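Morning, everyone. I have one structure to walk you through today, so please have the sequence and the model open.

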Amino acid sequence: MSDYLQIKSEDWSDFRTSLLRYAELPRDQRNEFWFRGQGSSDWTLSTTLDRGHKFQDVQERNEANEQLLSEFKTEAIHVGTPENRLSSQIRLDFLARHHGLPSPLMDWSLSPYVATYFAYAAMPKEAEYVSVWCLDLKEVDWNNREDIDLLRDDLPFFENRRALQQRSVFLKVFVPENIETLIPQALTRFDLPASDKKSALQDLDEMLVNATTMFYDLEGAAKTSVLRFFGN
C-alpha cells in the first residue's frame with residue numbers, strides 16, 4: 001500500500017477536468033507544483049543512474065557518478081565542447097544529463113501538459129496506463145533534507161533550448177532510493193488510459209505541446225509530422 005495519493009482518470013477529458021483547480025491558481029502558487037510524465041504506471045520514480053544499476057550504498061553510488069562524469073568530461077573535450085560549458089559541477093551535471101549520461105538528476109516540468117506529452121510519448125505497447133506525477137513542493141521541508149534537493153535556480157538553461165521549451169526543473173537525488181519512498185506525502189499520481197494516447201496527443205498538438213516545440217529541432221518536427229499523418 002503506497003502512501004502517496006493515486007487518482008485513476010477515466011479518460012483524457014477526465015484528467016483535463018481534474019486540472020481546472022490547478023489552472024485557477026495564481027502563477028506563484030502554480031509554480032509550487034511540479035509534474036513528471038512516465039510511460040507506464042508500473043514504473044517507479046527513479047533516476048537514470050539508479051535504473052541502470054543497483055548500488056549497495058551511497059558511497060558506491062557517488063563513486064559511480066563521479067567516474068561517469070569524469071569519463072564524460074574527457075570525451076566531451078575530445079569532441080570540441082567549449083571548456084566553459086564544463087567549468088562547474090552544475091554545468092557538467094546538466095550537460096551530461098541532457099545528453100543521456102546516467103544521472104542523479106531527475107527532470108520535471110512546471111507544465112502538466114508537457115508532462116502528459118512525455119508520458120504518452122514514452123509509452124510502451126504493453127502499458128495499460130501512463131502516469132503523470134504531481135509534486136507539491138510545499139509538503140517538503142527542503143532545508144532539512146540531505147537525501148534530495150531542488151534545482152530550479154541558477155541553472156544554465158540558456159545553454160539548453162530544450163529545457164527552456166519544456167519548462168524544466170530538476171530534483172537531485174543523493175541516495176539510491178525511489179522518489180515515492182522518500183517524499184510520498186508530497187506526491188500525487190494520476191493514471192491515464194493508454195488507449196487515449198491518440199486523442200491526448202492530438203489535443204496537446206492543438207495546444208502546441210508537441211515534439212516540435214519540446215525538442216525544437218528537425219527530429220522533433222519529423223515526430224510531429226508522423227503524429228499528424230498517422231495519428232500516433
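I will go through the pockets, then the salt bridges, then a few spots on the backbone and the surface.

One caution before we start. This is a predicted model.

How much space lies in the largest pocket? About 760 Å³. It has 30 lining residues. Closest to its centre are Arg 36, Arg 97, Asp 107, Phe 118 and Gln 166.

By residue type, the lining splits into 12 nonpolar, 13 polar and 5 charged.

Now the second largest pocket. Its space is about 420 Å³. It is lined by 19 residues, and the closest to the centre are Ser 18, Arg 21, Phe 33, Cys 134 and Phe 190. How does this lining divide by type? It has 13 nonpolar residues, 4 polar and 2 charged.

Several elements each supply at least two residues here. Among the helices, they are H1 (12–18) and H2 (20–23). Among the strands, they are E1 (5–8), E2, E4 (129–136) and E7 (187–193). Note strand E2.

On to charge pairs. Side chains of opposite charge can pair when their charged atoms come close. How many salt bridges does a search of the whole structure find? The count is 10.

Asp 107 and Arg 36 meet through their side chains in a salt bridge, 3.4 Å from N to O. This pair links distant parts of the chain. Asp 107 sits in strand E3 and Arg 36 in strand E2, 71 residues apart. Buried or exposed? Arg 36 is buried, because its relative accessibility is 9% and the cut-off is under 20%. Asp 107 has 25%, so it counts as partly exposed. There is a wider link too. Arg 36, Arg 97 and Asp 107 are joined in a network of salt bridges. And those three residues are among the closest to the centre of the largest pocket.

Lys 138 is exposed, at 52% relative accessible area. Asp 136 is buried, at 14%.

The arginine, Arg 228, is exposed at 55%. The aspartate, Asp 205, is buried at 8%.

Stay with helix H12 for a moment. The helix covers residues 218–230, and Phe 230 is in it. What does Phe 230 form on the surface with Val 226 and Phe 229? A nonpolar patch, with about 360 Å² of accessible area together. Phe 230 itself is exposed, since its relative accessible area is 56% and the cut-off is over 50%.

Now the backbone. Most residues other than glycine have a negative phi, and most peptide bonds are trans. Which residues here go positive? Arg 167 is one of them, with phi about 50°. It is in the loop between H8 and E6. Arg 167 is partly exposed, at 31%.

Tyr 216 also has a positive phi, near 55°. Its loop runs between helix H11 (211–215) and H12. Tyr 216 counts as partly exposed, at 49% relative accessibility.

One last spot, for anyone who thinks in distances. Ser 70 is in helix H5 (residues 58–78). It is partly exposed, at 40%. How far is the C-alpha atom of Ser 70 from that of Arg 85? They are separated by 14 Å, with the two residues 15 apart along the chain.

That is the tour. Questions, please.

Notes
Residues are numbered from 1 along each chain as its sequence is written. This is a predicted model: local features need pLDDT of at least 70, side-chain atom pairs count only at pLDDT 80 or more; totals for chains, interfaces and linings use all residues. Side-chain values use heavy atoms; hydrogens and water are left out. Patches are made of residues with over 30% relative accessible area and no salt bridge: like charges are joined within 9 Å, nonpolar side chains (Val, Leu, Ile, Met, Phe, Trp, Tyr) within 5 Å. Accessible areas come from the Shrake-Rupley method with a 1.4 Å probe; for residues, only the protein chains shown count as cover. A salt bridge is a side-chain nitrogen of Lys or Arg within 4 Å of a carboxyl oxygen of Asp or Glu. Helices (H or I, at least four residues) and strands (E, at least two) are DSSP runs, numbered from the N terminus. Buried means under 20% relative accessible area, exposed over 50%, partly exposed in between (1.4 Å probe, protein chains only). On a 1 Å grid over the protein atoms alone, a cavity is a set of points where a 1.4 Å probe fits but cannot get out, and a pocket is an open set with protein on both sides within 12 Å along at least five of seven lines; lining residues have an atom within 4 Å of a point. Grid points are joined across faces, edges and corners, and a volume is the space filled by probe spheres set on the points. Ala, Val, Leu, Ile, Met, Phe, Trp, Tyr, Cys and Pro count as nonpolar, Asp, Glu, Lys and Arg as charged, and the others, Gly among them, as polar.
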